[in-house]
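Here's a quick briefing on charged side chains and who pairs with whom. Have a look at the structure first, then read on.

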Amino acid sequence: MSLKESIYARSPHVVRDALVTLVGLQFARERYRGAYPALRLRYDGLQRESPDRQRARQDRMLADLVAHAARRSPFYREAYRGIALPRTTTQVARLPVLTKDLLRENLVRLRTGPPERSLISIHTSGTTGTPMEFFFLRRDFQERMAILDA
């Protein structure tokens, strides 16, 4: 148990409520500041693209993402060895299927970015099983939120 978790567990409910509020405020600040406003405008505008333009953009983004993962992540470098990487979304079935257990077991090897201290940590609640933890660069997190909000 981390120090934060230990303090939370031993605190009275009123203090727990205040701590949850503070974490929520921090989360909102991480989400809506920085690059978020410009990214939100960009993704709102992309909703009006023609289906052909959307597909072409999605194909480019997929090819870039898979190539980045293969270059920067030891896990994906091994997983993609010998596979013709997809260039379009219609070819995505070429990629190996990842299970939650496989992700949990290889969390450090999956990373493509800087050390953990410069990343935003997001936890799932574990309602369908064991909780999971994901790490994002601040800008990537804000971009993910802008896409979800668009």
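Predicted model: local features only at pLDDT ≥ 70, side-chain atom pairs only at ≥ 80, totals over all residues.

**Salt bridges at a glance**

A search of the whole structure turns up nine salt bridges, and a few of them are sorted below.

**The buried pair**
- Arginine 57 is buried too, at 14% relative accessible area.
- Both partners count as buried because the cut-off for that label is under 20% relative accessible area.

**A pair in helix α3**
- Aspartate 44 and arginine 40 join their side chains in a salt bridge, 3.1 Å from N to O.
- These two sit four residues apart in helix α3 (residues 36–46), so about one helical turn separates them.
- Aspartate 44 is partly exposed at 24% relative accessibility, and arginine 40 is partly exposed at 26%.

**A pair in helix α4**
- Aspartate 52 and arginine 55 also meet through their side chains, in a salt bridge of 3.1 Å from N to O.
- Here the spacing is three residues within helix α4 (residues 51–72), which means about one helical turn lies between aspartate 52 and arginine 55.
- Aspartate 52 is exposed, with 57% relative accessibility, whereas arginine 55 is partly exposed at 41%.

**Background**
- Side chains of opposite charge can pair when their charged atoms come close.

Notes: Residues numbered from 1 in each chain as written. Heavy atoms only, no water. Salt bridge = Lys/Arg side-chain N within 4 Å of Asp/Glu carboxyl O. Buried < 20%, exposed > 50% of the residue type's maximum accessible area, 1.4 Å probe, protein only.
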